[in-house]
Amino acid sequence: MFEFVYELFDLKMLLVTAFLGAIYVYSTWTHSHWSKLGISSPSAPVPLFGHAMPSMLGQMHFMDVLHNLYKELGDQRFGGIYTMRTPQLLVKDPELIGHILIKDFNNFTDRGLYAGTHTNPLNNNIFFTRGERWKTMRQKLSPTFTANKLKYMNEQVKECSDGLLSTIGKNLDDDAGRIEIREMMAKYSTDVIGSCAFGLKLDAINDPDSEFRKHGKTVFQPSLRSKIRVAVIFMQPSLLSIFRVHHYSHRTIRFFHDAFQQTIEYREKHNEDRKDFVQHLMKAREDLVLNPNLKPEEKFTEMDIVANAYILFIAGFETVSTSMSFCMYELALRKDVQDKVRKEILEVKSKYNGQMNSECLNELHYMGMVIKETLRKYPPLVTLNRVVTKPYVIPGTQIKLKIGTKIVVPVHAIHYDPKYYSDPEAFEPDRFSDENIHNIQPNTYMPFGDGPRFCIGKRFAEFEMKMALSEVLTNYEVMACDKTQIPIKYVIGSFVNIPESVWLKFRKVNT
Ligand code: HEM
């Protein structure tokens, strides 16, 4: 009898040991990828987690983890890291970065990020698409963002910045002029992008129940579900396809689909032509969806067009609103810089009869330097991602990278490397003055990425930020208050660099 129990116990132990052994082998199976190629890693990867354990467990922001790995690599040009089971090449050397993003772009045309487009049709957009389909869509959308086109959006953006001003005015008496600006700026940029990408007057800034704001918010707010999804992407992405895991709820998909569809119908019915994003997307629809002369493989779907309207909205609102929040935070701490920006705004405004538009915004050189320095310290995307799309030999080595190898460019860590930026924690817009800008080494400043896949909305983002900043700073002085978090704390688990909150005090100025 005892012998039987004993044997059963042994069998259980055996099964448990075999199971744990299998998990160990599975979770470390890929962890010799880099050593086999003769590429060193910063430290030994932890089973299952690789180098990402502190961020996956929510103990550290992903950007700090990368920062540490970047430092551990010392003088090496690149190193092999593992995010969970996924090997990624962390590239430090600016020259090699230039090859990957620009000179040898044909070997790295895609980001290689998991999109799961069968279950997530909204991901069929220019950010995630690959190869020829990306090229086609990029060509269709690029003209939207030329300097000439921006001037047609003046009125739309100006209207939204007026809304921003009146919101600040209304809040001035509440809470002694203290305002949490991250949420306020998110609503402003939701209004701008809603107006330009969907042709809708959203008024999110005054509407606490704005559906656009609600749906936009869910994309960037980390949740247990999104954290598990990210872990699975880096562990075994095929599981997401097998179990048809959705990134977005059906409600979200339907919401954006209907919003865009209604706009198209309205414009077609009223023959309205506003020269904004919507108009370009409608042209893309005409050429790529409705065009009967295209071969089936060249055709896009109605949903692909909605997906691109959606990405312009998503890529546009959080990046701009967090950048403006960081910028105003730094200006609140540096009164000298704030005063100089205000002086410049007033000079330019007086030259143009008190009006601001996309042309006179170009004359705000110092504000341009302030925005550049903000994006150095706080790049919304802390990495750039590429994947090898044609086999590639790393210049100066015999190392051959196979198709599918994932590349990470640690933008944030490079922006804080004292080799490229002395006293990197200091906010010094003068780094970008005409006299100093030549000291910045190529491929060490990349808040908008670089090469053919760089941010398509850069010009629009700068326009929108300058417009809002010039209106706010003409009317208000911003200061730190007892609620201001110094230094700023970041939301851990979000793939965009988001502050937890930015409280500032506003005081009316007489200009
Ligand atoms: C401060 C504001 C912004 C920052 C810092 C920013 C940054 C970036 C970065 C780093 C990338 C990846 C580039 C690369 O991989 O080389 C990107 C891509 C992109 N951004 Fe932005 N962005 C901003 C605003 C906007 C706006 C306002 C829009 C649209 C209205 C936009 C639309 C896009 C799109 C569509 C892509 C994908 C481009 C492609 O793959 O061809 N972004 N952005």
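## Two crossing helices

Let's start with a helix pair: the axes of helix α13 (residues 250-270) and helix α15 (residues 302-333) come within 10 Å of each other and cross at roughly 100°. Because angles of 65 to 115 degrees count as roughly perpendicular, α13 is described as roughly perpendicular to α15. Keep in mind as you look around that this is a predicted model.

Which residues of α13 and α15 meet? From α13 come Phe-256, His-257 and Phe-260, and from α15 come Val-306, Ala-309 and Tyr-310.

## A four-stranded sheet

Now for the strands. Four of them form an open sheet with mixed pairing, and their order is β1-β2-β7-β4. At the edges sit β1 (78-83) and β4 (384-387), each of which pairs on one side only. From one strand to the next, the twist averages 30°.

Strand β2 covers residues 86-91, runs antiparallel to β1 and is joined to β1 by six bridges. Within this pairing, Ile-81 stands opposite Gln-88 in β2.

## A helix on the sheet

The sheet also has a helix packed on it: α5, made up of residues 94-103. Which strands does α5 touch? The contacts of α5 reach β1, β2, β4 and β7 (406-409). As for orientation, the direction of α5 makes about 120° with that of β2.

Note on methods:
Residues numbered from 1 in each chain as written. Predicted model: local features only at pLDDT ≥ 70, side-chain atom pairs only at ≥ 80, totals over all residues. Pairing = 2+ DSSP bridges. Axes fitted to C-alpha atoms, helices over the stretch in contact; angles between N-to-C directions. Contact = placed C-beta atoms within 7 Å. Parallel < 35°, antiparallel > 145°, perpendicular 65-115°, else oblique.
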